[in-house]
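Please look over the assembly shown here before reading on.

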Amino acid sequence: MTNTSLRRRITFAVARKDLRIEWNSRVLVNQVAPFAAIVMVLFAFALDNDGILQRVAPGLVWLATLFSMLVVIQRSFSVESADGALDALRVAGVDPTAIFLGKSIALMVQLFALEALLVGTAFVLYNITMSPAGLVEAFVTMLTATAGLACVGTLYGGLAAGVRGRETLLPLLLLPVVAPVLIGATRAMEAAFGSGGAQVSEGWPWIGLLTVFAVLFIALGSVAFGPLVDE
Amino acid sequence: MEHATFVIGSWVLTAGSLIAYAVWIIRRGRALSKHATNEEMPWT
Amino acid sequence: MEPVIELKGVVAVLGSFPALAGIDLTVQRGEILLLQGPNGAGKTSLLRVCAGLLPIERGEGRVLGIDVTSQRELIRARVGLLGHSNGLYLDLTVEQNIMFWAATVGASDAEVASAMKRMNVDGRLAKVKASQLSAGQRRRTALASLIVRRAEIWLLDEPHAGLDASGRDELDGLLRDAVAAGATVVLASHESERANGLATRVVTVDGGGAR
Amino acid sequence: MSTHSGTGTKATRGLGIIVLLMLIALAFFGLVFSAEDVVQGSTVRIMYVHVPAIWVAYLAFGLTAVCSAVYLSGKNRSLAWDRVAGASGEIGVLFVAVSLVTGSLWGRLTWGTYWVWDARLTSTAFLFITYIGYLAVRRLGGTHRQRARRSSVLALLAIVEIPLVHFSVNMWRSLHQSASVADPNAKVQLDGLMLFSLFLGLFAFTLLFVWLVLHRQRTLQLEDAFADRGLDAAIAARREEAVK
């Protein structure tokens with residue numbers, strides 16, 4: 001069996017395993033999603049003004065995504081360390097790049113579902129309307145932003161997983177790095193939503209930025225994840 | 001005069017923090033080297 | 001006789017604590033070697049060094065002819081370590097856990113089924129989540145996943161802990177079968193009585209040295 | 001025991017005296033001799049510490065990245081490279097902090113506010129937090145080699161991330177807000193003496209950085225050596241236990 005097909009097989013095995021854990025335990029559905037939704041409601045209380053809410057809705061969607069993502073990443077690695085499974089994977093010599101890619105894919109799927117929920121909440125609570133072109137743009141934005149977030153989250157989540165004080169270390173490492181995603185995804189989403197009179201065409205350069213970020217961190221994570229989680 | 005306060009203040013803050021850091025390093029080095037052997041201090 | 005594990009003067013540290021303070025150990029192919037010693041004697045660390053998981057600070061060693069200082073990664077695919085934790089995903093069922101390991105090495109469904117049958121975790125148990133299993137059932141699940149991984153050296157840390165009498169006999173039988181099939185077994189235990197009947201040789205590990 | 005005291009040598013002491021003299025000279029040139037700027041008046045005098053500080057910070061993070069790369073690529077992986085990387089990263093954080101504080105004081109005078117969401121300020125703040133994270137990872141514990149590998153990988157990741165963060169923040173300001181706050185340096189028309197003071201500052205701070213790194217990496221080396229020595233004693237104790 002070639003190295004590439006072995007890596008692909010393990011990648012999908014890891015991704016399927018993580019998604020199956022979520023399917024069996026429903027932590028994302030029962031805990032994280034309600035948390036994300038309540039954040040959106042709290043924003044509405046804090047910014048008690050329809051005009052402002054419509055204007056800042058894209059930013060709020062991504063802020064809520066980032067906060068929820070921290071929880072999802074902690075969860076993604078706590079299932080690994082609960083019974084020493086990551087240790088077991090390492091001792092079995094399972095390709096760390098495949099583990100990284102697999103966990104990233106699973107995280108991507110979960111984050112995407114969460115973002116869809118958040119955008120839906122924004123539609124209902126903040127009175128957003130979108131053109132068909134905007135809808136396509138919003139979809140592409142979510143796709144590229146999520147890919148980048150999932151990869152960088154898995155990379156730093158793996159580093160923080162094995163150490164004491166991981167709850168505080170992860171946000172410190174992660175949040176400065178994801179600044180480009182927050183900026184890019186918010187601007188692209190503004191264009192898609194048409195908030196503040198933005199045109200749909202204004203969003204595409206930002207999607208370019210998100211794509212660069214995603215590609216960069218797929219590559220970096222594939223190389224760096226092994227040395228970071230190894231003892 | 002506000003300008004003078006800010007200008008002098010920024011110089012004092014800069015000098016103060018750099019001096020404090022330098023003094024801390026030197027003192028730490030002295031304290032550690034008291035218990036060090038010559039092999040542990042290859043620069044000597 | 002062909003040595004599969006050779007360690008010389010190995011020092012390994014956990015944080016700044018020297019878990020192993022210069023240890024020598026040789027294990028021949030086909031042995032069932034028992035590492036004896038009180039808790040904290042360094043048995044677990046020794047197993048982790050043999051598994052290529054814990055890096056060594058000083059000394060040298062080879063496992064299956066592979067150097068443990070420079071090529072730890074190559075050792076890992078060929079040995080199986082079962083530590084204090086079982087390495088299970090608690091939210092997955094027994095079958096899903098074993099299927100996951102099978103997928104990482106490309107084992108067939110038939111291999112999975114036979115491994116589960118050998119460790120007596122098939123049938124009704126197969127569909128139970130690992131979090132709802134007893135300690136003994138978890139251990140048997142972990143051993144079953146070790147079988148599908150086709151490990152050449154089995155490094156077992158207190159394998160009898162938490163198993164009932166029939167489970168222990170089952171395990172002993174399984175380990176003898178595995179050795180008959182060409183594997184080598186190193187187990188750490190402080191239940192010397194139990195494991196002595198199983199082991200072909202006993203080594204005492206104490207205070208970081210081995211005799 | 002050593003007859004020598006501290007982390008100094010003849011060379012570092014000589015360097016230290018030169019640095020001290022240069023910094024005193026810088027104070028005279030920057031605060032007394034150089035003229036006030038036509039537009040900014042005396043506030044321009046903050047520049048002589050602010051610009052050298054951020055220059056040294058970039059230099060320090062650059063050195064951290066280079067040493068980390070050398071550590072990871074080297075065959076025998078000498079921990080000395082990791083210690084220089086760590087010393088340099090720590091000093092870099094100090095200098096970023098200095099430049100952020102002096103910058104915001106300067107900003108208060110020229111813009112009337114301590115902080116503006118200008119591209120350069122924002123990305124400098126991200127730089128600051130990124131390397132605080134780097135220092136936090138260095139303190140996680142484990143063996144020296146674990147520390148070295150983790151932090152080296154992180155330093156190399158940071159050096160790739162930072163241009164991207166900088167680029168995106170720039171894009172944010174240029175595409176999003178038409179009215180950007182002007183760069184303070186651009187308003188300054190530097191005459192000969194001012195230019196001399198600025199270069200004096202850059203040179204003096206660079207030498208100060210060299211001096212600090214030399215001393216800091218030596219204290220780190222002592223700390224590592226002491227940890228190893230504790231390990232030796234602990235190994236001996238364990239062996240004794242085993243023999244009994």
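Between chain A and chain C, twelve residue pairs are in polar contact, with both residues of each pair at pLDDT 80 or more. The model is a predicted one, and every value in this briefing is computed from it.

**Interface of chain A and chain C**

- On the side of chain A that touches chain C, at least two residues each come from α1 (3–25), α3 (50–81) and α4 (85–91) of chain A, and α1(A) gives the most, with eleven residues.
- The contact brings together 28 residues of chain A and 29 residues of chain C, and the area buried between these two chains is about 2300 Å², with carbon and sulfur atoms giving 57% of that area.
- Two salt bridges are counted between chain A and chain C, and one of them joins the side chains of A:Arg75 and C:Asp91 at 2.9 Å, N to O.

**Interface of chain D and chain B**

- Here 44 residues of chain D are in contact with 32 residues of chain B, and the buried area is about 3400 Å², of which 73% is given by carbon and sulfur atoms.
- The rule finds one salt bridge across this interface, in which the side chains of B:Arg28 and D:Glu223 meet at 2.7 Å, N to O.
- The elements of chain D that give two or more residues to the side touching chain B are α1 (10–33), α2 (47–73), α3 (79–110) and α7 (192–243), and among these α7(D) gives the most, with 14 residues.

**Chain D as a whole**

- Among the contacts in chain D between residues at least 6 apart in sequence, 82% join residues at least 24 apart.

**Cysteines**

- A search of the whole structure, over all chains, finds zero disulfides.
- C:Cys50 is buried, with a relative accessible area of 1%, and D:Cys67 is likewise buried, with a relative accessible area of 2%.
- Both values count as buried because the cut-off for that class is under 20% relative accessible area.

Conventions
Residues numbered from 1 in each chain as written. Chains lettered and ligands numbered in written order. Predicted model: local features only at pLDDT ≥ 70, side-chain atom pairs only at ≥ 80, totals over all residues. Heavy atoms only, no water. Disulfide = S-S within 2.5 Å. Buried < 20%, exposed > 50% of the residue type's maximum accessible area, 1.4 Å probe, protein only. Contact = heavy atoms within 4.5 Å. Buried area = accessible area lost by both parts, 1.4 Å probe. Salt bridge = Lys/Arg side-chain N within 4 Å of Asp/Glu carboxyl O. Helix = DSSP H or I, 4+ residues; strand = E, 2+ residues; numbered from the N terminus. Polar contact = N/O pair within 3.5 Å; in protein donor to acceptor, adjacent residues only side chain to side chain.
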